[in-house]
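Dear colleague,

I am handing over the structure we spoke about, with its sequence, so that you can look at it before reading on. My notes on what was found in it follow below.

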Amino acid sequence: MKIKIIGIGSYIPNKEVSNTDFGDHVFLNEDGTPFAYPNEVVIKKFKGITGIENRRYAEDHHTSSDLAFFAAERAIENAKIDRETLDYIIFAHNFGDVKSGTHQTDILPSLATRVKNKLDIKNPKCVAYDILFGCPGWIEGVLQANAFIKSGMAKRVLVIGAETLSRVVDDHDRDSMIYSDGAGASILEASDDEETGLLSYESATYANDEANFLYFGKSYNPDLDPDIKYIKMYGRKIYEFALSQVPCAMKSCLDKSGIGIDDVKKILIHQANEKMDEAIVARFYKLYDRTAPENIMPMSIHDLGNSSVATVPTLYDLLIQGKLENHEINKGDVVIFASVGAGMNVNAFVYRY
């Protein structure tokens, strides 16, 4: 028995924020001192490293659970199923619902429960819960759905990844330009087709020196309330960690699947940083003494930024819809999904479309 993604949907907010919109920001070093060079230089260097030109922010009246609901509706419609037949709703996020203009998170009730309510699902045996797994949360949700279905605990599962990172960033930290908002959702169920579906997976948590590479910290502006926290990261350490661990996880996953490296058609990797993703894929192919093929790795980060748990399902949705230039997917194609993020967590799965 294989587990298949029978429906996919995403929600990309309409509010577009370009790099030039950060021209008037007062960026500061960690010690609160101003940068020695102007914002034009900061932005140029930022784009060169991350590849980000634009990103999307949620409308002020929307929260993460709203975006998730929109994506879930589209996934259900794409799957052509009765929503009352869902056995689980697994919602991956990091910061809960943060209303625009506030800094307080709201996770009571759970965001999965809120989505179930918005979907108007009456079936009490549809179990809704949240997972906190950093950016790899959606992939981890897929792996949990796989376990539930294979164990007989479920037949059909909705897995969502949604976040509004724009509401937990420090405007004085240049890393704030990386983050964005969005949502992706998928419907999974068992399939009798032994040739397609989820073939293998890997998942790991590195929680020694790596545990605090991403953390909640005070603003770089010493005049702001130190008790209000924002998402912070040690970018260089994350970069080095990702290059060390993600290619190995991808190789282990692919080797377990029995699929050859030359049969991989696409790699859908968390949209964190263009240079980092390119380096991860290059190192992955080097493990097989290969050079990464052209167009093996679709990217959405240029226009959508890093929406954390939403990047991978959104990227898959765009690929399925044929909305990624020079990229397509056909019946029987093998795809590797992979992510890395807070924890530090790493995961991947091999999937035949």
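A residue is called buried here when its relative accessible area is under 20%, exposed when that area is over 50%, and partly exposed in between. Please keep in mind throughout that this is a predicted model.

Among contacts between residues at least 6 apart in sequence, 77% join residues that are at least 24 apart. As for charge, the chain carries 38 positive and 51 negative charges, whose mean positions are 3 Å apart.

How exposed are the two partners? Glutamate 16 has a relative accessible area of 48%, so it counts as partly exposed, whereas arginine 56, at 18%, counts as buried.

A second salt bridge is formed by the side chains of arginine 114 and aspartate 97, at 2.9 Å from N to O. Here too the pair links distant parts of the chain, since arginine 114 sits in helix 3 (residues 111–118) and aspartate 97 in strand 5 (residues 97–98), 17 residues apart. Arginine 114 counts as buried at 14% relative accessibility, and aspartate 97 counts as buried at 5%. These two residues also belong to a network of salt bridges in which Asp97, Asp106 and Arg114 are linked.

A further salt bridge brings together the side chains of glutamate 189 and arginine 156, at 2.7 Å from N to O. Glutamate 189 is in strand 9 (residues 181–191) and arginine 156 in strand 8 (residues 156–164), so that the pair links distant parts of the chain, 33 residues apart. Arginine 156 is buried, with a relative accessible area of 18%.

Aspartate 173 lies in the loop between strand 8 and strand 9, and with a relative accessible area of 5% it is buried. Leaving aside its neighbours within four places in sequence, aspartate 173 is in contact with Phe27, Tyr220 and Lys232, while its C-alpha atom is separated by 44 Å from that of lysine 122, which is 51 residues away along the chain.

Glycine 32 lies in the loop between strand 2 (15–18) and helix 1 (39–50). With neighbours within four places in sequence again left aside, glycine 32 is in contact with Tyr220 and Pro222. Glycine 32 and glutamine 321 are 289 residues apart in sequence, and their C-alpha atoms are 45 Å apart in space.

With kind regards

Note on methods
Residues are numbered from 1 along each chain as its sequence is written. This is a predicted model: local features need pLDDT of at least 70, side-chain atom pairs count only at pLDDT 80 or more; totals for chains, interfaces and linings use all residues. Side-chain values use heavy atoms; hydrogens and water are left out. Contact means heavy atoms within 4.5 Å. Lys and Arg count as positive and Asp and Glu as negative; His and the chain ends are not counted. The place of a charge is taken as NZ of Lys, CZ of Arg, CG of Asp or CD of Glu. Helices (H or I, at least four residues) and strands (E, at least two) are DSSP runs, numbered from the N terminus. Buried means under 20% relative accessible area, exposed over 50%, partly exposed in between (1.4 Å probe, protein chains only). A salt bridge is a side-chain nitrogen of Lys or Arg within 4 Å of a carboxyl oxygen of Asp or Glu.
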